[in-house]
Amino acid sequence: MSDEQSVHQNFETLAIHAGNTADPLTGAVVPPIYQVSTYKQDGVGGLRGGYEYSRSGNPTRTALEENLAALEGGRRGLAFASGLAAEDCLLRTLLAPGDHVVIPDDAYGGTFRLFAKVVSRWGVEWSVADTTDPASVRAAMTPRTKVIWVETPSNPLLGITDIAAVADVARTAGARLVVDNTFASPYLQQPLALGADVVVHSMTKYMGGHSDVVGGALIANSDDIAEELAYHQNAMGAVCGPFDAWLVLRGIKTLAVRMDRHSENASRITEMLTRHPKVTGVLYPGLPDHPGHEVAAKQMRSFGGMVSFQVQGGEEAAVAVCDRAKLFTLGESLGGVESLIEHPGRMTHASVAGSALEVPADLVRLSVGIESADDLLADLQQALG
């Protein structure tokens with residue numbers, strides 16, 4: 001980040017200015033899309049700005065990576081082709097055959113699949129813990145535990161983990177704490193400041209914010225970890241393309257205002273759902289009776305735009321609610337300006353069926369967008385019948 005940018009400390013200002021230096025040639029206030037594979041060198045080994053090949057480095061991606069580091073308060077950010085590409089790079093950087101990882105009992109299905117079907121074949125073992133209980137995390141650890149993996153809020157049950165408490169558990173055991181911050185975004189929560197070692201994002205979600213890009217990110221709190229991650233990013237090659245980096249940079253500029261609206265709309269929706277006779281349970285950390293409410297209020301700016309709820313009538317009733325929704329689009333993913341509805345058991349979390357991470361069959365998950373809250377409420381009321 002430039003000296004001019006470093007004087008700005010507030011999130012909203014960093015989101016717009018960090019990494020976004022004016023183009024020195026034209027003065028363009030938006031970083032150009034450097035759609036290029038290779039760069040002319042000024043003699044053998046004479047690199048302009050350090051660029052030689054776009055897998056190793058690209059100016060548009062650099063702008064995004066500087067922005068990510070600033071927003072999460074990290075030493076370095078790295079951008080990838082998808083969230084799972086970022087996770088894969090992280091795990092192969094931090095782990096070796098014979099190591100052990102503690103994973104949450106509520107997590108994104110793709111993350112579980114990565115551990116259960118891919119990393120385990122490499123000789124890495126894992127155990128499941130309720131990460132909302134530091135004692136459960138401690139009990140799941142072994143002398144070979146190198147990483148504790150946390151999602152908070154979790155997907156899809158909106159569990160809340162006390163990041164600082166679990167960071168103490170990790171530090172005592174000599175393990176590293178990884179926090180998936182996708183549901184919160186750096187606007188609502190900054191895990192590195194609470195003791196995490198690495199933050200993971202699916203930039204496809206709130207960071208991009210418009211359902212038009214796929215990307216992932218890692219932000220490290222130490223130069224040593226960052227250097228290792230950067231080496232593997234280049235060696236493995238699943239990097240974020242320049243146009244995708246540009247789209248995420250554009251999305252991040254409105255992240256703060258979008259997250260405020262997502263949170264406001266979600267709060268109104270949960271108020272309605274808690275009173276609806278066909279809803280048997282509402283999962284949202286902003287509710288005072290949510291078991292993680294106090295922790296969420298302590299470590300988050302507000303409670304986000306993700307809401308899950310359970311309905312009377314079981315699985316078929318939950319599927320019917322999804323099918324009847326009109327303004328809420330039936331679809332996977334989350335974090336866009338438009339509202340989405342899905343049945344996790346049959347959609348995003350089908351891969352965890354039969355495991356310790358299996359989700360309730362009567363569960364519906366909402367990604368609450370930034371439309372009129374009145375219109376969203378009317379749609380859900382008709383969908384519930």
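Student: Which residue does W149 stand opposite in β5?
Tutor: W149 stands opposite V178 there. Keep in mind that this is a predicted model.

Student: What makes β4 and β5 count as paired strands?
Tutor: Pairing takes at least two bridges between the strands. Five bridges join β4 to β5 (residues 176-180), and the two run parallel, so by that cut-off they pair.

Student: Why is β4 called largely enclosed?
Tutor: Buried means under 20% relative accessible area. Six of the seven residues in β4 (residues 145-151) are buried, so the rest of the structure largely encloses the strand.

Student: What kind of unit do β4, helix α7 and β5 make?
Tutor: A right-handed β-α-β unit, with α7 covering residues 163-173. Right-handed means that, with the strands pointing away from you, the path from the first strand over the helix to the second runs clockwise.

Student: On to the open sheet: why are β8 and β10 called edge strands?
Tutor: The order of its five strands is β8-β9-β12-β11-β10, with mixed pairing. β8 (279-283) and β10 (329-330) each have a single partner strand, so one side of each lacks a neighbour in the sheet.

Student: And what makes β11 and β12 a pair?
Tutor: Three bridges, in the antiparallel sense, link β11 (residues 340-342) and β12 (residues 363-367), with L340 partnering S367 in β12. At least two are needed, so they pair.

How values were computed: Residues numbered from 1 in each chain as written. Predicted model: local features only at pLDDT ≥ 70, side-chain atom pairs only at ≥ 80, totals over all residues. Heavy atoms only, no water. Buried < 20%, exposed > 50% of the residue type's maximum accessible area, 1.4 Å probe, protein only. Helix = DSSP H or I, 4+ residues; strand = E, 2+ residues; numbered from the N terminus.
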